[in-house]
Each structure stands twice: as structure tokens, then as C-alpha cells.
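I opened this model to look up its fold, its core and its ring pairs. My notes follow in the order I took them.

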Amino acid sequence: MVLGGVPNKAEAQRALKAVKTYPEVVRPGGPYLYHYYIEALLKSELYEDARQEVADYWGAMVEKGADTFWEVYDPADEFRSPYNFYPVNSYCHAWSCTPTYFIRKYPDIFQK
């Protein structure tokens, strides 16, 4: 809804902040959906949240030894991949390049 322009900025910020507080919320399981989540944070002017999400999500892959970004990765579930374990994954998907896209598109936010 945020990306479609339905809520105003204040409503979008409130919703995006609140959703993370629900333990039963369904979280993105891969870079594809994380991309849209980051985009919604940026559209809502939650810049520091967006920057932190990129660092936490893609940074966790790097900390596990990734030198490319994985098709599916869930920091809370190491067995969530098409092959039931994060090291066994597809290593080169276009939607995995989200950090590069955002770093180049929003240098003031991501190149601190």
C-alpha cells in the first residue's frame, strides 16, 4: 500500500514501524521482497530504518561468508532456502543486488 501511495507519510511511517513489533508477522524470506520493503521505508522517509535493514539483512549474508548475494536467505531460519540450508542456494539473482541499487540511487543515505 505504501508503494501504491495509499497512506500518507505519517500513516505509512506508523504502519511500517508497528509491523515490526508483532511477533507473528510474516517477514520477507528473500531479497526480492526485502527490496520492496526497503523501497517502502525510503518512500516513507524512514531513511535510517532503510539503511539499517540493508546492513542487517545483506550484511548478515556477508558475515556468513557470502561473496555474492543469495536467492533466499532468512537470518532467523538458516534452513530457509530452496535446498534447505543457506550455503546451498542459488548465488546470483538480479533481485539480490538490491544493496548496489540503493547505494547508487541514494548515496546520501547509504554511503555514510
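I began with contacts (heavy atoms within 4.5 Å). Among those in the protein chain between residues at least 6 apart in sequence, 53% join residues at least 24 apart.

**Ground rules.** This is a predicted model: local features need pLDDT of at least 70, side-chain atom pairs count only at pLDDT 80 or more, and totals for chains, interfaces and linings use all residues. Residues are numbered from 1 along each chain as its sequence is written, and side-chain values use heavy atoms, with hydrogens and water left out.

**Overall fold.** I looked up the secondary structure next. The protein chain has 5 helices and 0 strands. Its pattern along the sequence reads α-α-α-α-α. Helices (H or I, at least four residues) and strands (E, at least two) are DSSP runs, numbered from the N terminus.

I then checked the dimensions. The C-alpha atoms fill a box of roughly 40 × 35 × 20 Å along the principal axes.

Surface came next. The accessible surface of the protein chain is about 7000 Å², and 57% of this belongs to carbon and sulfur atoms. Accessible areas come from the Shrake-Rupley method with a 1.4 Å probe; for residues, only the protein chains shown count as cover. Buried residues make up 36% of the 112 residues. Buried means under 20% relative accessible area, exposed over 50%, and partly exposed in between (1.4 Å probe, protein chains only).

**Core.** Which residues have the most contacts inside the largest nonpolar core? I found Leu16, Ile38, Leu41, Leu42, Trp58, Met61 and Phe110, in a core of 22 residues. Such a core is a set of buried Ala, Val, Leu, Ile, Met, Phe, Trp, Tyr and Cys residues joined through side-chain atoms within 4.5 Å. Helix 1 (9-19), helix 2, helix 3 and helix 5 each give two or more residues to this core. In soluble globular proteins, nonpolar side chains tend to be buried together.

I followed Leu42 from that list. Leaving aside neighbours within four places in sequence, Leu42 is in contact with Tyr47, Ala50, Phe102, Tyr106, Ile109 and Phe110.

**Helix 4.** Thr98, Pro99 and Phe102 are buried in helix 4. Seen down the axis of helix 4, its buried residues fall within an arc of 95°, so they line one face of the helix. The arc is that of the directions from the helix axis to the C-beta atoms. The cover over these buried residues includes helix 2, helix 3 and helix 5 (107-110).

**Ring pairs.** I counted 9 aromatic pairs in the structure. Tyr34 and Tyr57 form a stacked pair, 3.8 Å centre to centre with 20° between the planes. Rings of Phe, Tyr and Trp (its six-membered ring) pair if their centres lie within 6.5 Å; planes under 30 degrees apart count as stacked, over 60 as edge-to-face and the rest as tilted. Tyr34 sits in helix 2 (residues 31-43) and Tyr57 in helix 3 (residues 47-63), so the pair links distant parts of the chain, 23 residues apart. Both Tyr34 and Tyr57 are buried.

Tyr57 also forms a tilted pair with Tyr73, at 5.8 Å centre to centre and 50° between the planes. Tyr73 lies in the loop between helix 3 and helix 4 (98-105), so this pair ties together parts that are 16 residues apart in sequence. Tyr73 is buried, as is Tyr57. Ring pairs link Tyr34, Tyr37, Tyr57, Trp58 and Tyr73 into a cluster.

**Single residues.** Beyond its neighbours within four places in sequence, Glu53 is in contact with Lys20, Tyr34, Tyr37, Ile38, Leu41 and Trp58.

Arg51 also lies in helix 3. Arg51 is partly exposed, at 24% relative accessible area. Not counting residues up to four places away in sequence, Arg51 touches Ile109, Phe110 and Lys112.

Gly29 is in the loop between helix 1 and helix 2. Gly29 is buried, at 15% relative accessible area. With residues up to four places away left out, Gly29 touches Tyr57, Val72, Tyr73, Asp74 and Arg80.
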